[in-house]
Amino acid sequence: MTSTFFATSIQYIDTTKDGDKFLVSASYPGAWGDTAKEAEANAIAGYEKAGHTADQLLSIETTELEDYS
């Protein structure tokens, strides 16, 4: 039996101590849900818990996936 769930990743700009900027694409623990909205909320919570702020945020991408277990 298959079921559908959603996983969300976040892209943001981070800056090193030397001032160099780089693009990060991350998927935080728990950044999934039964709905896209739930997955996005969980991803944003993980992003904020990691100490990131809205001014670093570039994009949020949610993908629908199938679980075959």
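Predicted model: local features only at pLDDT ≥ 70, side-chain atom pairs only at ≥ 80, totals over all residues.
An α-helix has 3.6 residues a turn, so residues three or four places apart point the same way.

The 14 residues of α1 should span 20 Å at 1.5 Å a residue, and the end C-alpha atoms are 20 Å apart, which agrees. After the helix comes Gly-51, whose phi is positive, near 95°.

Aromatic rings come next. A pair of aromatic rings is described by the distance of the centres and the angle of the planes. The structure holds two such pairs. In one of them, the rings of Tyr-12 and Tyr-47 have centres 5.4 Å apart and planes at 70°, so the pair is edge-to-face. This pair links distant parts of the chain, since Tyr-12 lies in strand β1 and Tyr-47 in helix α1, 35 residues apart. Tyr-12 counts as buried because its relative accessibility is 6%, and Tyr-47 is buried with a relative accessible area of 3%.

The rings of Tyr-28 and Tyr-47 have their centres 6.4 Å apart and their planes at 70°, so this pair is edge-to-face. It also links distant parts of the chain: Tyr-28 is in the loop between β2 and β3 (32-33), 19 residues from Tyr-47 in α1. Both Tyr-28 and Tyr-47 are buried. Through these ring pairs, Tyr-12, Tyr-28 and Tyr-47 are linked into a cluster.

Not counting residues up to four places away in sequence, Tyr-12 touches Phe-22, Leu-23, Val-24, Ala-26, Tyr-28, Tyr-47, His-52, Gln-56, Leu-57 and Leu-58.

Gln-11 is also in strand β1. It counts as buried because its relative accessibility, 12%, is under the 20% cut-off. The side chain of Gln-11 makes polar contacts with two serine side chains, that of Ser-9 at 3.3 Å and that of Ser-59 at 2.6 Å. Leaving aside neighbours within four places in sequence, the residues in contact with Gln-11 include Leu-23, Val-24 and Ser-25, as well as Leu-57, Leu-58, Ser-59, Ile-60 and Glu-61.

Ala-7 is another residue of strand β1. Is Ala-7 buried or partly exposed? At 22% relative accessibility, Ala-7 counts as partly exposed, because buried means under 20%. Leaving out residues up to four places away in sequence, Ala-7 touches Ala-31, Trp-32, Ala-39, Glu-61, Thr-62, Thr-63 and Leu-65. Ala-7 and Glu-38 are 31 residues apart in sequence, and their C-alpha atoms are 9.4 Å apart in space.

Definitions and conventions
Residues numbered from 1 in each chain as written. Heavy atoms only, no water. Contact = heavy atoms within 4.5 Å. Helix = DSSP H or I, 4+ residues; strand = E, 2+ residues; numbered from the N terminus. Buried < 20%, exposed > 50% of the residue type's maximum accessible area, 1.4 Å probe, protein only. Polar contact = N/O pair within 3.5 Å; in protein donor to acceptor, adjacent residues only side chain to side chain. Phe/Tyr/Trp six-rings, centres within 6.5 Å; stacked < 30°, edge-to-face > 60°. Expected span 1.5 Å × (residues − 1).
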